[in-house]
Amino acid sequence: MIKKYPVYDLLSGKIVSFKELPIIHKKIYGYHPDKIMFVKSSNSEMAVFRIEKDDILTVYITKEIQNGGIYLCEMDDRKMIRQIRREENKLILQQYANGDSTIIVDIKKIKVIGRIVRNEFSIR
């Protein structure tokens with residue numbers, strides 16, 4: 001069976017393309033087909049992790065945070081890709097662009113959408 005997924009632009013939230021993927025053993029890339037989504041990176045803020053502008057990222061939709069994981073999250077109505085670490089009731093968001101940009105926020109002020117589990121990029 002083939003499932004068609006929209007690819008969303010990270011900033012605008014608009015659909016920029018579609019991906020058609022086969023469901024094998026009731027999974028796509030090892031995850032339940034209803035628990036993944038795709039976003040197109042809008043900048044190179046996470047280039048140290050090889051996430052650059054126009055890369056297609058596979059997001060496993062989850063609220064669970066694993067320390068050091070790279071996540072799609074939303075804060076102040078802005079979606080972003082960040083490495084997240086959890087310390088007590090705070091989250092440490094790291095970006096690594098323009099030096100080491102670290103933000104510490106209360107866990108209630110950020111919405112974790114999902115963990116980045118795959119990055120597709122084109123060779124230029």
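Buried means under 20% relative accessible area and exposed over 50%, with partly exposed in between, using a 1.4 Å probe and protein chains only. The model is predicted, so local features need pLDDT of at least 70 and side-chain atom pairs count only at pLDDT 80 or more, while totals for chains, interfaces and linings use all residues. Residues are numbered from 1 along each chain as its sequence is written, and side-chain values use heavy atoms, with hydrogens and water left out.

**Exercise 1.** Determine whether Asn89 is buried or exposed, and find which residues it contacts.

*Solution.* Begin with the place of Asn89, which is in the loop between strand 6 (78–87) and strand 7 (90–94), strands being DSSP runs of E with at least two residues, numbered from the N terminus. Next, Asn89 counts as exposed because its relative accessibility is 55%. Finally, leaving aside neighbours within four places in sequence, Asn89 is in contact (heavy atoms within 4.5 Å) with Val105, Asp106 and Ile107; the C-alpha atoms of Asn89 and Val105 are 8.8 Å apart, although 16 residues separate them in sequence.

**Exercise 2.** Find which side chain of opposite charge is nearest to Asp9.

*Solution.* Locate Asp9 in strand 1 (residues 2–9). Asp9 is buried and its nearest side chain of opposite charge is Lys40, 6.2 Å away, where Lys and Arg count as positive and Asp and Glu as negative, with His and the chain ends not counted. Asp9 has no salt bridge, a term that requires a side-chain nitrogen of Lys or Arg within 4 Å of a carboxyl oxygen of Asp or Glu. A polar atom of the Asp9 side chain does, however, lie 2.9 Å from the backbone nitrogen of Ser12.

Notes
Helix = DSSP H or I, 4+ residues; strand = E, 2+ residues; numbered from the N terminus. Polar contact = N/O pair within 3.5 Å; in protein donor to acceptor, adjacent residues only side chain to side chain.
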